[in-house]
Amino acid sequence: MVSDAGVLPALAVQPAPAVAAAPVWDRFARWPRGQARFALLALLLVVLAAALVPIEAGKPVATAGFVENVSGASNKAYDRPRDEDLALYDRVIARIRHGENYYDFIAAEHRKAHYPVTPGFAVRLPTLAYLDAWLGLPGQIACAVLLLVAVIGAWWRRLREEPGGAERLPMALALLFVGASLGLNRYYFVLHELWAGMLLALSFGLHRPGKRWLASLLVAALALAIREHSLPFVLLMAAMALWRRDWKEGAAWSGLALVFLIALKIHLGIIAAQVLPTDRASDSWLALRGLSGSLSTVVLSSNLRFLPHWLAGPMVMLAVAGWAGWRSSAGVFATFLFLGYGIAFGIAGRPDNFYWGAMIAPTLFMGLAFAPQAVRSLARASFPSPK
């Protein structure tokens, strides 16, 4: 007969059933009760706040049918006058096609449209204008379709390789399509954030920490050349590589950021030399709109704009929570990435800059595939069942 003294020590080291059954990729399942309760309360509060704060309306988004977007066919039900900023980019592309140099006329075009020339950040980098002029509309449509396929393919492979990703593969890819399909909207093919955001989604999907990162870096370099708002993505890649003590990768991402900053300085110098005393300065981008501004930027630049704000806002928060609960290299990077951009959108960006959210919208909503598990694990860790 075995004594109680021999049984009790063995039972004492056994983990709770819920913890033992939790998958290794479930970050919140093993959290201490106090920490889990604090996180669960914080999540409930931000979800509630997201349902209550207003989504500030920006310019309406043209939304043709899938066939019209892919084929470029005209549909009178969706045609509308061109937005002023998009019309400006149209004229820029047309002048490049006629052989003119971007920097010879861009300041004059800004003045003609009553747009600021100073600071130089108000004038876009020329990369996308030259690409659009070279591709034409048929080429742009083909590139948009190929880019969407590449993004889905890259994430199909990465999800299968990451712990827990294969289990959520169908739902995650469906949510990825919801986020990335906005890249097929031909009305916005001249918009820099549309292409840069899709390229960052591809770069993220191609990246393998410490293994394969060159293709990811090259794709991110193109995104950076199109829109300087890609820089936080590149800097985070560098920071996380250096944190892993992967000096070679960290140096590569840091070098990319340095080369871009030199190119940006040249761009700003060229624009500054063309500023006239009569040119008005741009309105401040330091809007300090807080949670409402952050959610408005993401919601209005994504397919969540079709939902009522009391539903769209919480979905953004739950998507971030899902990424945070996914214990993987992708989950860690995405959590820092989306929190960082979200905070930045709450500090900087006027209501008419809502399209900045397209920088992160393609991949953000994939986190919803992991959100139910994250919420359940936080609840179970906060209120464990009696042993």
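This is a predicted model: local features need pLDDT of at least 70, side-chain atom pairs count only at pLDDT 80 or more; totals for chains, interfaces and linings use all residues.

Ile266 counts as exposed because its relative accessibility is 51%, where exposed means over 50%, buried under 20% and partly exposed in between, with a 1.4 Å probe and protein chains only. Residues are numbered from 1 along each chain as its sequence is written, and side-chain values use heavy atoms, leaving out hydrogens and water.

Ile266 lies in helix H12, residues 247–272; helices here are DSSP runs of H or I with at least four residues, strands are E runs of at least two, and both are numbered from the N terminus. The protein chain has 17 helices and 0 strands.

Which residues make a nonpolar surface patch of about 360 Å²? They are Leu258, Ile262, Ile266 and Ile270.

Let us turn to the interior. Buried residues account for 51% of the 387 residues in the protein chain. The largest nonpolar core has 112 residues, and Trp155, Phe233 and Trp253 touch the most other members; such a core is a set of buried Ala, Val, Leu, Ile, Met, Phe, Trp, Tyr and Cys residues joined through side-chain atoms within 4.5 Å. Helix H7, residues 127–161, gives the most to this core, with 11 residues.

Leaving aside neighbours within four places in sequence, Phe233 is in contact (heavy atoms within 4.5 Å) with residues including Leu200, Phe204, Trp253 and Tyr341.

Conventions: Patches are made of residues with over 30% relative accessible area and no salt bridge: like charges are joined within 9 Å, nonpolar side chains (Val, Leu, Ile, Met, Phe, Trp, Tyr) within 5 Å. Accessible areas come from the Shrake-Rupley method with a 1.4 Å probe; for residues, only the protein chains shown count as cover. A salt bridge is a side-chain nitrogen of Lys or Arg within 4 Å of a carboxyl oxygen of Asp or Glu.
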